[in-house]
Amino acid sequence: MKILSIQSAVAYGHVGNSAAVFPLQRIGVEVLPVYTVNFSNHTGYGAWRGPLIAPDDVAAVIEGIGERGVFGDIDVVLSGYQGGEGIADVILDAVARVKEANPAAVYACDPVMGNAKSGCFVAPAIPVLLREKVVPAADIITPNQFELGFLTGTEPADLASTLESADRARAMGPRTVLVTSVERPDRPEGTIEMLAVTDDGAWLVRTPHIPMKANGSGDVTAALFTAHLTATGNTADALARTTSSVFDLLQNTFDSGERELRLIESQEAYAHPRMQFAVEQVR
């Protein structure tokens with residue numbers, strides 16, 4: 001499998017491509033990383049250095065990849081944090097060119113814009129661009145519950161309303177929606193859930209909630225779920241494998257007392273997930 005991954009990059013720590021690439025490589029995926037920013041560290045620190053990469057420069061890198069004649073070999077285009085406003089058009093152009101060369105290729109979009117605790121943390125134009133232009137072109141999207149609500153103009157809370165919101169998102173274009181953090185009021189205390197919804201049904205998985213803020217964990221989740229789903233076509237299995245891997249990554253990070261993901265130390269969790277959480281079909 002080959003994935004063209006268009007995301008941010010940091011020198012210190014693990015977010016964007018700096019979070020997604022290694023886990024993908026560890027499960028045997030060839031990754032072509034294209035950077036939208038090249039920062040010293042993620043912006044959650046409140047201070048960082050390095051450039052937003054101009055859309056023309058991002059497009060030039062993708063053009064160079066195309067000149068190598070590999071678009072037809074790419075199975076997935078994956079995008080995450082977009083940085084500047086002009087990146088959306090660059091991503092959509094790349095998706096169109098890859099799909100022209102390989103009609104079986106899929107586009108997976110992690111519509112990064114914010115979360116319930118922090119609100120939106122991207123440029124004001126980005127959420128609108130995601131909703132109106134980018135998400136409708138995607139085959140797979142991986143929003144958290146907050147992002148799902150923004151995209152659909154709803155307020156998902158319990159399972160029924162989250163399923164309804166996911167269906168509204170799917171009506172926009174994507175056939176698969178992975179809601180990466182479902183915090184419904186009637187869930188057991190101390191837990192958190194993920195929900196995957198497709199044409200074939202809906203599946204829910206519950207894990208203990210690890211009390212930490214883990215920048216980059218959503219990037220790992222989107223990458224692994226997309227790769228597993230593309231490889232097998234089995235939504236429940238992709239959800240189980242992704243959940244197992246990401247939970248162990250987060251637990252290892254929490255146990256370490258470090259702020260940044262223990263991405264390298266957790267590599268066995270990607271290659272050989274323990275499959276310790278049951279996946280329930282809820283529709």
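Trainee: How many aromatic pairs does a search of the whole structure find?

Mentor: Four. Rings of Phe, Tyr and Trp (its six-membered ring) pair if their centres lie within 6.5 Å; planes under 30 degrees apart count as stacked, over 60 as edge-to-face and the rest as tilted. One of the four is F22 with Y270. Their ring centres are 6.4 Å apart and the planes stand at 80°, so this pair is edge-to-face.

Trainee: Which parts does that pair tie together?

Mentor: F22 lies in helix α1 (residues 17-26) and Y270 in helix α9 (residues 267-271), so the pair links parts 248 residues apart in sequence. Helices (H or I, at least four residues) and strands (E, at least two) are DSSP runs, numbered from the N terminus.

Before you go on, a word on the source: this is a predicted model, where local features need pLDDT of at least 70, side-chain atom pairs count only at pLDDT 80 or more, and totals for chains, interfaces and linings use all residues. Residues are numbered from 1 along each chain as its sequence is written, and side-chain values use heavy atoms, with hydrogens and water left out.

Trainee: Is Y270 buried or exposed?

Mentor: Buried, with a relative accessible area of 1%. F22 is partly exposed, at 22%. Buried means under 20% relative accessible area, exposed over 50%, partly exposed in between (1.4 Å probe, protein chains only).

Trainee: What about F247 and F277?

Mentor: Their ring centres are 5.0 Å apart with planes at 75°, so that pair is edge-to-face. F247 lies in helix α8 (residues 235-256) and F277 in the loop between α9 and β11 (279-281), so parts 30 residues apart in sequence are tied together. Both residues are buried.

Trainee: New topic. How do β3 and β4 pair?

Mentor: Strand β3 (residues 76-79) and strand β4 (residues 106-109) pair in the parallel sense, over four bridges. Strands pair if DSSP finds at least two bridges between them. V76 stands opposite V106 in β4. From β3 the chain passes through helix α3 (residues 87-101) to β4, a right-handed β-α-β crossover. Right-handed means that, with the strands pointing away from the viewer, the path from the first strand over the helix to the second runs clockwise.

Trainee: Where does β7 come in?

Mentor: Two bridges join β4 to β7 (residues 140-141), and these strands run parallel. A108 stands opposite I140 in β7.

Trainee: And overall, how many helices and strands?

Mentor: Nine helices and 11 strands. Of the 283 residues, 53% count as buried.
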